[in-house]
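Here is a short briefing on one chain. Look over the sequence and the model, then read the points below.

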Amino acid sequence: MRSTRHKPSKLPMWNEVLVGYVMVAVCYFPVAGVGYWALGNLTCYENVLDVLDKPKWLIGTANLMLMLHLTGSYQVS
């Protein structure tokens, strides 16, 4: 986004940052709620994936989602 003296890009970029944070919150809060509903107060001190013993497809899906999340966290410019 180009910025000139008469039309700075600070305000549109700030609005996009706010929209991005709201979208992340909308995505993660339901995941946290469902996780608490499923596991309750079960404490896990090291890794949440250690709590999952079975079924194997759930462990694989959780690991795949973790891999996609970490891969998507890198910005490409």
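**Briefing**

UniProt, in an unreviewed entry, lists residues 12–37 as "transmembrane region"; its positions follow the numbering used here, feature names are shortened, and annotations may be inferred rather than shown by experiment. The model is predicted: local features need pLDDT of at least 70, side-chain atom pairs count only at pLDDT 80 or more, and totals for chains, interfaces and linings use all residues. Residues are numbered from 1 along each chain as its sequence is written, and side-chain values use heavy atoms, with hydrogens and water left out.

**Fold**
- The chain has two helices and zero strands (DSSP runs numbered from the N terminus: H or I, at least four residues, for helices; E, at least two, for strands).
- Residues 12–37 are 100% helix and 0% strand, with end C-alpha atoms 38 Å apart.

**Helix 1**
- Helix 1 has 30 residues and spans 43 Å from first to last C-alpha, close to the expected 44 Å (1.5 Å times one less than its number of residues).
- G40 follows helix 1 and has a positive phi, near 65°.

**Exposure**
- Of the 77 residues in the chain, 3% are buried (under 20% relative accessible area; exposed is over 50%, partly exposed in between; 1.4 Å probe, protein chains only).
- Y21 lies in helix 1 (residues 10–39).
- Y21 counts as exposed because its relative accessibility is 60%.
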